[in-house]
Amino acid sequence: MNPLLLTDGYKVDHRRQYPNGTTLVYSNWTPRKSRIEEVDDVVLFGLQYFIKKYILEDFETYFFKQPKEKVVAEYSRRINNYLGENQVGTKHIEDLHDLGYIPMVIKALPEGVSVPVRVPMFTMYNTLPEFFWLTNYFETLVSAVVWMPCTSATIAKQYRKVLDKFALETSSIPEFVDWQGHDFSMRGMAGIEASLISASGHLLSFSGTDTIPAISLLEKYYNADSEKELIGGSVSATEHSVMCMGTIEDEIGTFQRLICDVYPKGIVSIVSDTWDLWKVLTEYLPKLKNEVLNREGKVVIRPDSGDPVDIICGNPNGKNDNEKKGVIELLWETFGGTTNAKGFKELDPHIGAIYGDSITVARATQICERLKKKGFASTNVVLGIGSYTYQYNTRDTFGFAMKATYGEVNGQGREIFKDPVTDDGTKKSAKGLMKIELENGTYKLIDQATWEQEKQGELKEIFRDGELLIDQTLAEIRKRIK
């Protein structure tokens, strides 16, 4: 598709609505508020993907390299059919095609950093006066692509903070947290691109993912190399269809075949609540104890039904001893383990557990807290993070918006802003040119800056006139976020 059609309909005629003599529009991308409790800083991620995928690839392939007559006719047909005969015109489209590149500057903070709400993450403005209309024409496309990777990266970082905290307090292997948050969200996301950009945000904080193509995205757009570094990984795992086909009458046989024949070594995760989780834990696994302990690798027990906190940690109000003890305590009773130097129990390394359904940051916190209270290390369990976490958000989760704050008309600069009297302050924008300073590790906005001041500070040119100037790597971004 002609990428100039990837916009809101009301954008196409703003060119004629700006004052006569307009030569520059300067805008910024800012998270304006947080709807997640105790989260006041938002991770910047996804801008490089946007630039490479859309400005460099799609514009080059579907606009600049196409015959001018074709793209102009396509644009004219769509706009005229959409708005009716109007005066939008096509000369500005022809001029852009003749130019052969996007005449824009994008200045940004480094990807992976956390930015306080109400502080701009990046700015954009046109470099040629006749293309002033292009800056905010990009608003829709920028917003549609960038808000989700920022949001998912921020939420993944919250999981990481929780899991790191409890691992440092209770575990002898805090580095295991790299694998403790596992992305299972792909099937529940709003399309393939949403799943990939969200899963890429998850992989800034964790190594575990079932979203295979996110690895390819990070290789293509963030200079990663899966042969030289760990981008993302997983383990062999069953699903309910596998367990059901083994029949309820021979469920223990299915476990034995998987453990001994199909996967005699390595890690294998086995769905364990297809019928009766407690029978698996108290009857089948004790009978298979020697097989499990003699394997070279780990068997991971996977329940995913019921309240995850109670299933993993036990429910004091449960109707029987199994429910009161929960998965980790029952595994300990069968397989044992060690008590680490911090005084917490760690399961024998041949056995473990994963819960992959209905996990939230709050539930992850409760699981870690209750395991700690019972004397178990938090790293005894892996938590699957799904689409409820990553899809159940909107652009308004962090109030993302791209707004113009400065322009030039007939050679004169105009500081512009919005401050609706009927608003609660969320939509009040900064004013004028932007400078971002770093004070004591925190980014701070200086607005109403001069051009000389704007050229200083932490915002760096990463794109200018069709060329990517800074090409960041996944490794660099992971280092920043951690």
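A nonpolar core is a set of buried Ala, Val, Leu, Ile, Met, Phe, Trp, Tyr and Cys residues joined through side-chain atoms within 4.5 Å. Buried means under 20% relative accessible area, exposed over 50%, and partly exposed in between, with a 1.4 Å probe and protein chains only. This is a predicted model: local features need pLDDT of at least 70, side-chain atom pairs count only at pLDDT 80 or more, and totals for chains, interfaces and linings use all residues. Residues are numbered from 1 along each chain as its sequence is written, and side-chain values use heavy atoms, with hydrogens and water left out.

**The whole chain**

Start with everything shown. The chain has 482 residues, and 52% of them count as buried. Its C-alpha atoms fill a box of roughly 85 × 50 × 45 Å along the principal axes. Colour by secondary structure: there are 19 helices and 20 strands. Helices (H or I, at least four residues) and strands (E, at least two) are DSSP runs, numbered from the N terminus.

**The sheet**

Now find the open sheet of 7 strands. Its order is β16-β15-β1-β5-β3-β19-β20, with antiparallel pairing. β16 (412-415) and β20 (467-468) stand at the edges with a single partner strand each, so one side of each has no neighbour in the sheet. Two strands pair if DSSP finds at least two bridges between them.

Select 104-108 and 122-126. These are β3 and β5, antiparallel over 5 bridges. M104 stands opposite N126 in β5.

Contact means heavy atoms within 4.5 Å. Axes are lines fitted to C-alpha atoms, for helices over the stretch in contact, and angles run from 0 to 180 degrees between N-to-C directions.

**Towards the other edge**

Select β15, residues 400-409, with β1 (22-31). β1 and β15 pair in the antiparallel sense over 9 bridges. W29 stands opposite M402 in β15. How many residues of β15 are buried? The count is 8 of 10.

Next comes β16, joined to β15 by 4 bridges and running antiparallel. Y406 has E415 as its bridge partner. The hairpin of β15 and β16 has 2 residues between the strands, and N410 takes a positive phi near 55 degrees.

Show 139-170, helix α6. This helix lies across β1, β5 and β15, running at about 140 degrees to β15.

**The core**

Which residues have the most contacts inside the largest nonpolar core? Select W29, F50, I102, I106, F122, F138 and L331. This core has 136 residues. Its largest share, 15 residues, comes from α6.

Zoom in on F122. Beyond its neighbours within four places in sequence, F122 is in contact with residues including W29, L44, I106, V142 and L459.

**Helix α4**

Finish at 91-99. In α4, the buried residues are H92, I93, L96 and H97. They cover an arc of only 140 degrees around the axis, so they lie on the same side of α4. The arc is that of the directions from the helix axis to the C-beta atoms. K91 and D98, on the other side, are exposed. The buried residues pack against α1 (14-17), α2, α3 (68-83) and α5 (134-137). Last, select G100, which follows α4 and has a positive phi near 90 degrees.
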